Amino acid sequence: MTANANPQADESAWPLLSEERTWGAARLTLTLATTAAATWCYLIGESVGSYLGFIKGGLALGAGCMMGMVLVLLAAGPTCVRFGIDSIAATKPQFGSRGWIVPAALQAVSIIGWNSLLIIFFAKSAVQLSVALGILDLSWRNAALVPLLTVSACAIIFTALRRGATGVSMVSNILVAHVFIGLWMLYLLVSRRWPELIAAHPANASPNHLWNYTTGIELGIGATLSWWPYIGAMIRMAPNGRTIVLPVMLGMAAPVPLLSLIGLAGSLVLKSSDPTEWLRIVGGPTYAIVSLTFVTAANFGTTTAGIYASAIGLRNFATLQKRTWTTLLLITIAPVALVGIFIPELFFAKFGNFLALIGVAFAPLCGIQIVDYYVLRRGRIDIRAIYVDAPDGAYYFWRGINPAAMIALAAGCATYVAFLNPLSYGSMELYPYMTASLPSATAAALVYLLSSLLVRRAGRGGYD
Amino acid sequence: MADLAKSNIPAPAPALPPELEARIAAFESAAPPSVFDIASWCWIILLGVAIPLVLLAVGWWA
């Protein structure tokens, strides 16, 4: 039996053949950069600006982002790029032919949650700017605009994604300009407010300088670890590992700290991380319009990639394998639209905390995948077993679930929360020396390694 | 069928869709490709370990 290239292959979760992986380094870099750069950069920058000054904060964030990105690359990269599969399918050797539902649920909640936040953020910014420019007045009718803009944004994303990964790439090619607009905004703020920027003191800095510095690093690591759900769907379009390294490390990891400097600078000098607000202060309404364009472009690009990755992840469910791509897109976009219509304010106010908790799981997930691929399996992955959910399948373990991965994931999450509470930022004494993500990934990897020795002794998991 | 259910022989795996089967067969018949070559590992170590350590050192003493 021979396999022929299928133009719609990028709308399935099946492995992509080499002739279907047409994205070179430049195309992948553009797509990853557009995916990574979004409004959350301001939020990350604002968080860092609470504890560190501009230069120290920028360097800590940059280092953290690159450290987090390399963990994601080493965890999801090898299996995804070897077989052209997404992040979720790549977890089946560790979690089992049914246990992959746990990382799939993490992916779905994380991506749909973040996408909802980003789209609502865009809609609120658009309304605020219209009020500031005198286009709208401060009336109750404006409340209806947020749901309306959210649904319009969802409709545009849906239309673009009808073309699968090509739609993601097309949107990225258009919207990548926003990265340069972002750098221009940063230049404006730095060049006009440099003395204030250097003299500014972070508002919530701890007396422990090492704690502040480590928190800057941790925020960077955490930010890039949250790319784990997205990355597989993008790098599977590249032909080999050599093609993905620089795009991932430079295209995806570098824009986050650079654009976060906007939020960092804004929060230090003007006490606001939202560039739509501070560009109006610095340069007037024209600059604010440019900024809104940036917010729109940034969030559209990220949400498009997120919806695509999430839809591919859903394809791993047997019941959704034969559904049309349009149906799958509707299933993925519908929650975002419904949140925007019915509970935008509640979601915006409360869901961020939940997402912070969900993000805790990605460090141990990376630790588990790294130790499984490089230490336990030494690069030997059974591609057939990834798609066979039967008792004789190599990744069936016990009833389709690998208890070693579940225990390790729980141990990693518990380790993270013990080192740093992601909501209160309460921490243990060792945290300033170790961060929270790195011990969390290490603990999960060690627990997985030790418990997998028992799994292997029981003859499960296809380790022989 | 009843005999099969009573025995300890695992049930046969359900047949995969023909296109998926063909894709898997294509991977199984080819030699396993190496994921990262030496140049890739050099970039990974440089960008993921060495440069972050330099940034951390510079940032701490800044």
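**Exercise 1.** What should the 15 residues of helix H12 of chain A span at 1.5 Å a residue, and how far apart are its end C-alpha atoms?

*Solution.* This is a predicted model, in which local features need pLDDT of at least 70, side-chain atom pairs count only at pLDDT 80 or more, and totals for chains, interfaces and linings use all residues. Residues are numbered from 1 along each chain as written, chains are lettered from A in the order written, and side-chain values use heavy atoms, without hydrogens and water.

Start with the rule: the expected span is 1.5 Å times one less than the number of residues. For H12(A), residues 255–269, that gives 21 Å, and the end C-alpha atoms are 21 Å apart, which agrees. Helices here are DSSP runs (H or I, at least four residues).

After the helix comes Lys271(A), with a positive phi near 60°.

**Exercise 2.** Describe how chain A meets chain B.

*Solution.* First, count: 46 residues of chain A are in contact (heavy atoms within 4.5 Å) with 35 residues of chain B.

Then take the area lost on being put together, summed over both (1.4 Å probe): the chains bury about 3,600 Å², 76% of it on carbon and sulfur atoms.

Finally, turn to charges. Four salt bridges (a Lys or Arg side-chain nitrogen within 4 Å of an Asp or Glu carboxyl oxygen) link the chains. One of them pairs Glu28(B) with Arg384(A), at 2.9 Å from N to O. On the chain A side, H3(A) gives the largest share, 14 residues.

Definitions and conventions. Buried area = accessible area lost by both parts, 1.4 Å probe. Helix = DSSP H or I, 4+ residues; strand = E, 2+ residues; numbered from the N terminus.
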